[in-house]
Structures are given as C-alpha cells and as structure tokens.
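Please examine the sequence and the model before reading on.

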Amino acid sequence: MTGTLSLLRLVLRRDRVAMPLWVLGLGLLPYVYVTGFDTLFATAQERIDYARISSGNAGFVALYGPLHGDSIGELTVWRGGFVPVMIGLAALLTVIRHTRADEEAGRTELIRATVVGRFAQLAAAVLGTAAACLVMGVLVVVTLIGKGLPAGGSVALGAVFTLSGWVFAGVGAVAAQVSETARGARTIAVLVLGAAYVLRMGGDISALGDERMEWLSWLSPVGWLHRVFPFGADAWGPALLTLVVSVATVGAAAYLSTRRDVGGALVAGRLGPATAAAGLNSPVALAWRLHRGLLFGWTGGFAALGLVFGGVAGSVAELTEDSANVSEVFSRFGGADAVLDNYFSTTAAICGVIVSCYAVQAALRMRDEEQTGHAEAVLSTAVNRYAWATGHLLFALLGPAAALLAQGLTAGLVHGDPGPVLGASIAQLPAVWVLAGLTVLLVGAAPRLAQAAWAAVAACLLVMLVGPLLEVDQWVLDISPFTHVPHLPGGDLTTVPLMMLILIAAGLGGAGLIALRRRDLPV
Amino acid sequence: MSEAIDAEGLIKRFGAVTALDGLDLRVRTGEVHGFLGPNGAGKTTAIRVLLGLMRADGGSARLLGGDPWADATELHRRLAYVPGDVTFWPNLTGGEVIDLLGRLRGGVDRKRRDSLIERFELDPRKKGRAYSKGNRQKVALVAALASDVELLLLDEPTSGLDPLMEEAFREVILEEKRRGDRTVLLSSHILSEVEALCDRLTIIRAGRVVETGTLGDLRHLTRTTIRAELTGPVNGLGDLAGVHDLITEDGRVAFDVDADALEPALKALVAAGVRSLVSQPPSLEELFLRHYTRDEETAR
C-alpha cells in the first residue's frame with residue numbers, strides 16, 4: 001500500500017474537472033426534486049393523489065422504482081430512483097480509468113517501478129472514487145436537511161447515494177482485473193450495471209402485480225438500495241448488505257490483482273490466425289471486426305431487456321383490474337389498454353435514451369482510432385476518410401437499430417402483440433441518430449471536445465427525468481430529440497417530426513464528415 | 001532527373017508552435033534519402049503533410065507528381081508508410097494487420113510477405129497487445145515492405161529493433177536500392193544506419209533544413225581528426241584558421257582540422273618531419289553533433 005497517498009493525489013488531480021461535475025450534478029438532484037415538488041403541488045391532497053397514481057404506474061415504476069409513500073421525501077427518493085444507476089456508472093468509469101486504462105497505456109508499469117506497493121494503484125483509485133461518493137452523500141444530507149426534510153430519511157438517502165457509488169466502484173475494480181483492455185473492462189462493468197437495473201426493474205414491476213418475480217430485485221444491488229425506502233421504512237438492512245458487497249468486491253479485486261502480471265489479465269490473450277480471412281479487405285470489414293463485440297453485446301442485452309419488459313407487461317394489465325382505486329383513475333384516461341400503452345411507450349423511451357449511449361460510443365470509436373494511431377495506419381493506405389468513417393458510422397447508425405429491433409421484438413412477442421411494441425421502439429431511432437450525428441460533428445469539427453457527446457446524452461436523460469417535473473419552458477424540453485418522438489403505442493404516429501429528426505441527424509453528420517475531411521489527422 | 005518528393009517552403013503551425021518553418025525537401029526517384037533531426041524537429045509532421053494527413057499552412061509539395069492533400073487516396077496506392085509510433089488493434093493478429101493494410105493499399109505479394117516474416121523472425125499469430133515495441137515495429141515494416149510500391153516513407157523504422165533485426169532491415173533496404181526504382185525516405189536517429197543506406201540526406205532542425213546533400217558533400221563540411229608524432233618542432237600550426245583544439249606534447253600533436261585547412265596543416269606537419277600519422281575521417285555523428293552545438297551557440 002506504500003505510495004497510496006501520493007497516487008490518490010494523482011487521481012484527484014487528474015479528475016479535478018470531471019469528478020466535481022458528477023459529484024455536484026448528481027448530488028444536488030434530490031434538492032432540485034424537492035424544490036420541484038414544492039412548486040408542483042399547491043395542496044397536500046394534490047401531492048397525495050399524484051403519489052397514488054404514480055405508485056401504480058408501471059412505466060414510472062420501471063424507470064424510477066417502487067413508491068410506497070406520499071411525503072415529499074419519499075416522492076423525491078422515488079423520482080430520483082434512476083440517479084443511483086448514474087452514480088454507479090460514474091464510479092465504475094472512474095475506477096477503470098485509474099486502473100486498467102493506465103495499465104493498458106503502460107503508465108502503470110512506470111508507476112509500479114517506483115516505490116509503490118502492489119495494491120497502491122487499486123487502493124488510490126477506489127479510495128478516490130469512494131471519497132467522491134461520500135462527499136456526494138454528505139451533500140445530499142446537508143441540502144435536504146436544509147430544505148427541512150427529516151434528518152433520518154436524509155441520512156438514509158445520502159447513504160443510498162454513497163453506497164450506489166461504492167458498490168459499482170467495486171464492480172469496476174473487479175472488471176479491471178478480468179479484462180486486458182480498458183474497453184473490455186468498461187463493457188463488463190456496464191453490463192453488470194445494466195443487468196442490475198433490468199433485474200430491479202423486472203422485480204419491481206412484478207411486485208406491482210402478482211409478485212411472482214419480485215425476487216429478481218433481490219439479485220440486484222440497485223434493487224437493494226431501492227429497498228432502503230428513505231423517509232419511509234428507513235430500512236438499513238439492504239444498505240448494510242450493499243456495504244458488505246462493496247467491501248467484498250474490492251477485496252476480490254485486490255485478490256485477483258495478485259493472481260496476474262502487470263499488464264496481464266485473468267482472461268489471457270490467445271494466439272490467432274497467421275493470415276487474414278479473405279473478407280478482411282475493406283474499411284467496412286475492419287469496422288466489423290472492431291464493432292462486432294459491441295454489436296452482439298448491445299443487441300443481446302436489449303433482447304434480454306425486451307424479455308423483461310414484455311414479461312412483466314402482464315402484471316401491469318392485472319394491476320389495473322386488482323386495484324380499484326388506481327383503475328378508477330386510469331379508466332378516466334382510457335382503461336387498461338391506455339395503461340399498457342403508457343407502459344410500453346415509457347419503456348421504449350428509456351430504451352431510446354439508453355441505446356443512444358451505444359450510438360455515441362460507436363461514433364466516438366473514430367476518435368479513439370485517431371488517438372491510438374490506428375487511423376493513421378489505415379488512412380496512409382488507399383482508403384479515403386469518407387470510406388474510413390463510413391465503416392464506423394454503419395455501426396453507429398445500424399447498431400442501435402439492431403438493438404431496438406431486438407428489444408421491440410422480444411418485448412412484443414412475449415407480450416403477445418409484437419407490432420405496436422416494436423413500432424414504439426423503432427420510432428426512437430431518428431432521435432438516436434441525431435445524437436450519433438452530433439457525435440460525428442464533434443469528431444469532425446471539434447475533435448478535442450468529442451467526449452462532450454456524452455454530455456448531450458446526459459442532457460437528454462436529464463430532460464426526460466427532471467424536465468416535466470420542474471415544469472421548465474417547452475424550448476428546454478425541445479432541445480432533446482426524444483421530446484419529439486411520438487408517444488407510441490397509443491399516440492398518433494406523426495411522421496413529420498421523425499422526418500425532421502432524420503434530416504437534422506443527416507445535416508449534423510454530413511457537416512461532421514466534411515469537417516473531418518478538411519482537418520489534420522491526428523490532432 | 002524526376003523527383004519523388006518535392007516540397008518547398010512548407011509551413012505548419014500548431015497554435016503558437018511552428019512545427020515546420022519553411023521546410024524544403026527534395027528526394028530523387030530511386031534514391032534512399034536520409035531525414036535527420038533531433039526530437040521535435042518536425043520530421044513526423046513533414047511526413048504527415050506528405051501523406052496528406054495534415055494540410056500545410058504554407059509552401060507547396062508534390063509527391064510522385066501529385067498533390068499530397070487533394071490526391072491522397074490515389075497516391076497512397078503507390079506508397080507505403082511506417083509510422084514512428086506503431087500500435088495496432090488489440091484484437092487483430094500481426095498477420096491479419098499485415099494482410100489488411102496490404103489489401104487496403106491494393107494488394108499483397110504473398111511470397112514476399114512470408115519471406116519478410118521469416119527474415120524478421122515475426123510470429124504473425126500473436127494479437128496486437130501481445131507484441132513488444134520491437135515486434136509491433138516489425139509488423140509495420142513487413143506490412144509496408146510487402147507491398148510493391150514506388151515510395152516508402154519510413155519514420156524511425158528501426159526504433160525498438162534489436163541489432164540483428166536492424167541488420168535484417170538494412171539488408172532489405174539495400175536490396176530495394178539495387179532494384180533502382182524504389183524511393184525511400186528514411187527518418188532516423190541512427191547515424192550508422194543512415195551512413196550505410198542513404199545516397200543523400202537532409203538534416204532539419206526547428207522545422208527548417210540546416211544541411212542537405214550527399215554524404216560526401218556533407219563530410220566536406222566536417223573536420224578530420226589528426227594525430228601525429230613529429231621528428232622536430234612544428235611552427236605556425238596554431239595560427240592556421242581551420243585548425244581546432246590543438247594539443248602539442250613531447251613531439252606529438254593532435255588537432256581537428258576543417259576540410260579546407262587540411263592541406264596547409266599537413267604541409268606544416270611535413271615541414272616539421274613526420275614519424276607517424278593517424279587521420280580519422282569525419283563521421284556523420286560528429287557532423288550531427290556539431291550542427292546542434294552550433295545551433296545552441298547561436299541560440300545563446
């Protein structure tokens with residue numbers, strides 16, 4: 001562990017911009033929600049009605065988690081139910097950035113040759129991330145108590161926030177030992193996070209209806225943290241479980257790190273073919289080699305997501321019949337069909353925003369190829385820049401299409417009527433393409449800012465999660481392309497906004513390609 | 001005589017930094033041209049401009065008779081490039097990379113590829129990440145040399161290679177040279193390599209050319225080191241312009257002499273009577289070092 005402190009300082013120094021951003025941005029969300037709810041409800045009765053309707057809305061439960069009370073505190077916790085996933089994402093990315101990414105780049109070798117203990121780098125990465133999550137938790141506690149919410153619940157929510165970061169920091173640390181590349185480690189850790197979210201979602205939705213699959217939630221750290229119920233039960237048992245698992249995963253990562261060489265991995269590289277297959281002869285063929293793992297992963301993951309969404313849809317329908325209160329409310333909106341439509345249109349919207357991460361990731365691969373020098377090797381052959389970019393863009397555009405198709409099909413088939421459900425998923429595609437187009441524009445025209453494409457995805461997510469609650473101006477909502485996607489199934493299929501989105505995507509992407517052709521490479 | 005590369009007054013700026021400051025570079029068809037300069041002199045930038053990866057802010061460049069920026073793709077069919085800092089895709093094997101790059105360029109000579117792999121003792125089945133620096137370099141070299149192209153642009157191609165492999169590289173380049181129709185631009189730090197392979201060379205510093213010509217031309221600019229045992233006292237040697245670092249001791253003298261002062265210096269020695277004489281020809285190393293020290297002096 002020698003040298004941990006100086007390495008910790010290095011971690012904080014390198015993350016001095018990104019870390020405060022996510023700690024503040026995510027840590028202040030509960031405060032924003034409380035403020036939003038304060039202005040949203042004129043009377044307590046309004047709030048109670050809202051809570052009653054929301055707690056039975058399967059789409060809401062899928063997105064945010066279960067809601068068991070109607071106090072401002074409980075509504076805040078519930079509405080912020082997606083935030084622990086975002087914290088988990090930030091935490092695991094931070095840990096991998098300071099472990100496997102450094103190791104892959106050869107920096108670790110340099111550091112380990114100095115007076116630094118075997119575990120120092122892992123410890124520094126985990127401690128730095130854990131400290132950031134702790135600060136975020138304290139921020140939640142202080143701001144909520146400042147808002148006049150009960151101290152016990154505020155502390156419990158702070159703990160939920162902190163622990164969601166800790167447990168996925170552990171997941172990131174293990175993934176960093178397992179894979180030889182940072183990209184592989186990120187994929188593994190994000191898959192675990194996604195699986196945890198999906199399991200939670202399936203279990204929670206099932207809990208609304210026949211409860212047959214509620215146990216799914218207990219397989220997921222995200223599910224445990226939802227079961228703390230701050231401001232309600234304040235149940236510390238699930239929090240303790242999460243803490244134990246966090247410590248255990250970090251311990252496991254430390255143990256695994258002793259079982260391998262620096263630069264090596266548990267999953268070691270094998271020998272491959274001495275000659276290239278005949279088909280490996282074009283930029284598109286190369287892109288296929290580089291993107292296929294991602295494509296299979298996303299498509300498979302989305303097929304699984306569809307299974308869960310479709311599988312619990314039955315519970316949603318049952319729910320409206322069981323609960324007299326809720327069905328009375330919903331019958332005013334159009335009955336059980338409307339409830340199911342609303343459920344599928346919400347899940348499709350969630351899938352749309354999530355799959356745009358894939359679109360951005362695939363488009364950013366161009367920048368990655370540029371920075372690693374791989375692009376230089378290809379572009380010094382008789383491949384022009386458009387052809388090179390086309391290979392990657394095919395996957396940035398059609399990859400998300402494949403994922404949405406898989407999700408829509410599986411959800412629809414399991415539910416029984418694939419057409420409308422599939423249509424709802426596919427309708428997201430033009431909005432996803434706008435984000436892909438924006439990424440191409442950044443890669444072409446402002447390559448050093450290319451990673452800002454992630455900020456655009458985060459902004460769309462925020463608009464979707466927070467926008468309606470805060471009653472922000474319509475133009476703010478309109479910034480997100482997903483605002484313009486028609487609400488399917490059930491809503492009107494208006495093709496004009498979809499056409500506009502496709503045009504915007506093409507314009508952004510086209511401008512990006514022209515800029516890419518005209519600039520120096522690499523920069 | 002036709003010129004494979006003809007660049008004049010190339011200027012390239014990165015923000016406040018001027019990487020190329022009016023660079024001229026002329027490489028004749030069929031020659032092996034050495035491209036020397038300290039780290040950060042602008043060698044890689046110049047090559048990237050010639051490849052059309054970067055656009056010069058000023059000056060003009062012709063490559064194989066075409067415009068490196070506008071005709072990049074067409075020109076790239078006729079050349080091969082070995083980048084200075086080579087990394088390849090972690091999930092492709094060396095063999096796959098060699099074949100892919102060859103095919104993207106327009107075709108691989110299978111026999112030549114296999115014989116090069118053998119000569120460089122490369123295991124083509126390993127994946128990108130498993131290769132050491134030297135082995136990655138070999139992959140890049142085989143990928144470039146296996147293609148039948150007119151022009152090779154090699155950016156420090158032997159960095160990371162062991163001496164045996166350096167020797168193999170030299171042999172291959174000498175074979176290319178004997179064919180007579182391949183042009184090679186060889187950026188290098190290894191002066192013995194440049195001496196062994198290059199017909200002409202260009203030395204750049206801070207983005208501009210400080211010296212260009214054949215090895216013979218450049219040697220002319222350097223000093224010969226002379227050590228002699230004399231039978232009698234020598235007169236006037238220290239007064240000769242062009243004689244440097246003179247040490248006289250016990251009838252032995254040692255000094256460095258510029259090419260144009262060689263004759264009067266030798267006359268002075270002969271007048272004193274020579275018992276033995278050792279003369280050391282100027283090395284490229286010395287030339288190189290002198291350019292840098294001279295530049296540092298003027299910089300001061």
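## A helix and its buried face

Two residues are in contact if their C-beta atoms, placed from the backbone, lie within 7 Å. The model discussed here is predicted. In chain A, helix α2 covers residues 18–27, and its buried residues are A:M19, A:W22, A:V23, A:L26 and A:G27. These buried residues line one face of the helix, because they fall within an arc of 110° when seen down the axis of α2(A). An α-helix has 3.6 residues a turn, so residues three or four places apart point the same way.

## Two domains of chain A

Chain A is assigned domain 1 (1–258) and domain 2 (281–523). Their centres, taken over C-alpha atoms, are separated by 24 Å. In domain 1 of chain A, 24 residues are in contact with 25 residues of domain 2 of chain A. On the side of domain 1 that touches domain 2, α12(A) gives the most, with 9 residues. By class, that side of domain 1 has 13 nonpolar, 8 polar and 3 charged residues.

## Backbone features

Chain A has a cis peptide bond between A:L488 and A:P489, with omega about -10°; A:P489 lies in the loop between α23 (474–479) and α24 (495–518). A cis peptide bond also joins A:L521 and A:P522, with omega about 5°, and A:P522 lies in the segment after α24 of chain A.

In chain B, B:D245 is not a glycine, yet has a positive phi of about 50°. B:D245 lies in strand β11 (residues 243–249) and is exposed, with 10 other C-beta atoms within 10 Å.

Conventions:
Residues are numbered from 1 along each chain as its sequence is written. Chains are lettered from A and ligands numbered from 1 in the order in which they are written. This is a predicted model: local features need pLDDT of at least 70, side-chain atom pairs count only at pLDDT 80 or more; totals for chains, interfaces and linings use all residues. Domain bounds come from an automatic or database domain assignment. Helices (H or I, at least four residues) and strands (E, at least two) are DSSP runs, numbered from the N terminus. Ala, Val, Leu, Ile, Met, Phe, Trp, Tyr, Cys and Pro count as nonpolar, Asp, Glu, Lys and Arg as charged, and the others, Gly among them, as polar. A residue is buried if 20 or more other C-beta atoms lie within 10 Å of its own, exposed if 12 or fewer, and partly exposed in between; C-beta atoms are placed from the backbone. The arc is that of the directions from the helix axis to the C-beta atoms.
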